[in-house]
Structures are given as C-alpha cells and as structure tokens.
Number of protein chains: 2
Amino acid sequence: MSLPKPGQPVRGSKSGQPIMALLDLLGRSWAMGIVWHLYNGPSTFRQLQAYCESISPTTLNKRLKELRESHLLERTVEGYALTKEGKELYELIEPLGSWARHSWAKKFKS
Amino acid sequence: MSLPKPGQPVRGSKSGQPIMALLDLLGRSWAMGIVWHLYNGPSTFRQLQAYCESISPTTLNKRLKELRESHLLERTVEGYALTKEGKELYELIEPLGSWARHSWAKKFKS
DNA sequence: CATACTCGCTACTTTTTATGTAGCAAAGCT
DNA sequence: AGCTTTGCTACATAAAAAGTAGCGAGTATG
C-alpha cells in the first residue's frame with residue numbers, strides 16, 4: 001500500500017482531492033485509533049502496542065511510518081507524539097466521540 | 001469481519017466504547033467515502049460503484065450492509081440514502097474536508 | 001411475445017493487508 | 001558481564017479487498 005498524498009491519485013479517487021487522500025490514510029486499520037490515543041500524550045512503540053490490544057508490530061510500524069510521512073506525528077525523546085497538524089486533526093474528529101456515545105450508541109439498544 | 005457494535009468488544013478495543021466501534025466501522029475501506037458521497041443525495045448501487053472508481057461489488061455490498069445495520073443508511077425508492085444519523089455523522093466529519101485542503105495538503109508542497 | 005436493456009447482487013479467483021509469533025541489535029541498568 | 005527494555009524486522013498464516021464473470025428480476029422496446 002502506498003502512501004496517499006493529496007494531489008495524487010489514491011485508493012478511491014483519481015483526482016487525489018485532499019479529503020480523499022485523508023480518508024484513505026485514516027481508513028487504514030488502527031490509524032485513527034493511534035491518533036486518538038496519542039492525544040493523551042506521547043507513547044513509546046511498546047505502549048502503543050499494548051494500547052492497541054491486537055495490533056501486530058508489523059502493522060503498527062507501517063501505520064507509524066505513514067502517519068509520520070503525512071506529518072501527523074513525529075518521534076520525540078518521549079516517544080511518538082502528535083504534531084501540530086495531528087492535534088488539529090484530533091480536534092476535528094473529537095466530536096465523533098460524544099456523538100457516538102450520546103446519539104449513535106442508542107440506536108443499538110433495541 | 002463482524003459488525004462492530006458499541007458495547008461489544010471490537011477490533012481495537014475489548015471495552016467496546018462507542019467511539020472505538022465507530023472508528024472500526026468507518027475505518028473499513030470505502031466506508032467514509034460512501035457516507036461522504038451520499039450526502040449529495042441518494043444513489044443506486046451502480047452509481048455508487050461508478051463513484052468509488054475501484055471498489056469491487058463484493059466489498060461495496062459488504063459496506064452497504066454494515067452501514068445499514070449500523071443505522072447510518074437505508075434503502076429508499078431512490079436508492080441508498082443517509083439516515084438522520086448518517087447525516088449527523090457527515091456533518092461531524094465534514095470539517096475534515098476544508099482542513100485537508102487548507103492546512104494539511106500544504107505540508108506536502110515541499 | 002421476444003429481445004435487449006439496467007439493476008442489485010453472488011461466485012469465484014487473485015492480490016493485497018493484517019495478524020501472530022519469534023527474535024535481533026542497540027541502549028540502559030546492576 | 002549479565003539481564004531488561006525498546007524499536008523494530010522476518011517470516012508464515014489468515015483475513016480482507018480487488019477483478020471479473022454472470023445470474024435472476026424487473027422494465028422497456030419492437
């Protein structure tokens with residue numbers, strides 16, 4: 001799987017519109033979960049592995065590479081951490097959390 | 001792949017927190033693209049297939065089933081359409097579009 | 001009535017992704 | 001020197017997605 005970049009054809013869009021590249025990137029397994037988790041603070045590779053209970057090191061490493069190349073996270077002395085863009089992204093997807101709890105989950109209670 | 005439901009263990013979380021179930025669901029290939037597209041109005045199966053240029057009918061059908069069972073879309077006389085919840089969800093992820101264009105894409109121009 | 005569409009979908013094979021497990025090299029204790 | 005932790009790679013297996021063909025139902029057209 002190649003890195004989706006805005007402006008280039010990606011999985012799902014020959015036009016490479018930024019939103020499609022972003023959806024391709026975030027649509028890969030664990031990508032959003034990693035961003036979600038790192039908002040709490042930097043984590044090491046092994047901490048991320050423990051957090052994402054069933055991720056394999058192979059996949060984790062691939063996702064980390066992709067997210068780094070996409071400028072959403074970086075390595076620091078404390079481990080992997082969100083960049084400015086990564087934090088912005090988190091703040092955009094954050095409302096999903098409360099919506100999922102308060103509106104969406106209720107539809108499954110029947 | 002089984003349908004992720006809030007309150008049950010899902011890919012990535014034994015707790016089944018709604019947000020994790022949602023991320024699992026949306027993280028599957030094309031799921032967000034389908035929601036994104038349907039906000040413009042209902043589409044038939046073949047229209048969706050044409051829109052998602054490289055999706056296979058097998059995968060499209062699976063995604064549609066999952067999204068229907070998750071109450072995000074439904075079948076109408078005009079084809080597949082977003083439910084009230086689906087529209088709410090779209091409106092939550094919609095800001096990603098302008099962020100991707102205006103902030104994120106710029107990081108790749110170097 | 002026949003034939004020729006379109007539509008929603010299934011069957012099947014191939015390719016791509018992800019998982020599961022083992023373990024290595026580098027760095028930091030002790 | 002020995003023992004751990006850390007970040008990661010290698011390899012085999014399993015799961016998911018793509019690619020292609022085509023069926024049965026419905027509708028339109030001659």
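Where is A:Trp30 found in chain A? A:Trp30 sits in the loop between helix H1 (18-26) and helix H2 (31-38) of chain A; helices here are DSSP runs of H or I with at least four residues, strands are E runs of at least two, and both are numbered from the N terminus. Keep in mind that this is a predicted model, where local features need pLDDT of at least 70, side-chain atom pairs count only at pLDDT 80 or more, and totals for chains, interfaces and linings use all residues. Residues are numbered from 1 along each chain as its sequence is written, chains are lettered from A and ligands numbered from 1 in the order written, and side-chain values use heavy atoms, leaving out hydrogens and water.

The phi of A:Trp30 is near 80°, a positive value in a residue other than glycine. Most residues other than glycine have a negative phi. A:Trp30 counts as buried, at 15% relative accessibility (buried is under 20% relative accessible area, exposed over 50%, partly exposed in between, with a 1.4 Å probe and protein chains only).

Now for helix H1 (residues 18-26) of chain B: nine of its nine residues are buried, so it is largely enclosed by the rest of the structure. Among them are B:Pro18, B:Met20 and B:Asp24.

Then there's DNA strand D, with 19 residues around it (near means a heavy atom within 4 Å). The side chain of B:Trp30 instead has an N or O atom 3.1 Å from a phosphate oxygen of DNA strand D.

Definitions and conventions. A polar contact is a pair of N or O atoms within 3.5 Å; within protein, one must be able to donate a hydrogen and the other to accept it, and residues adjacent in sequence count only if both atoms are side-chain atoms.
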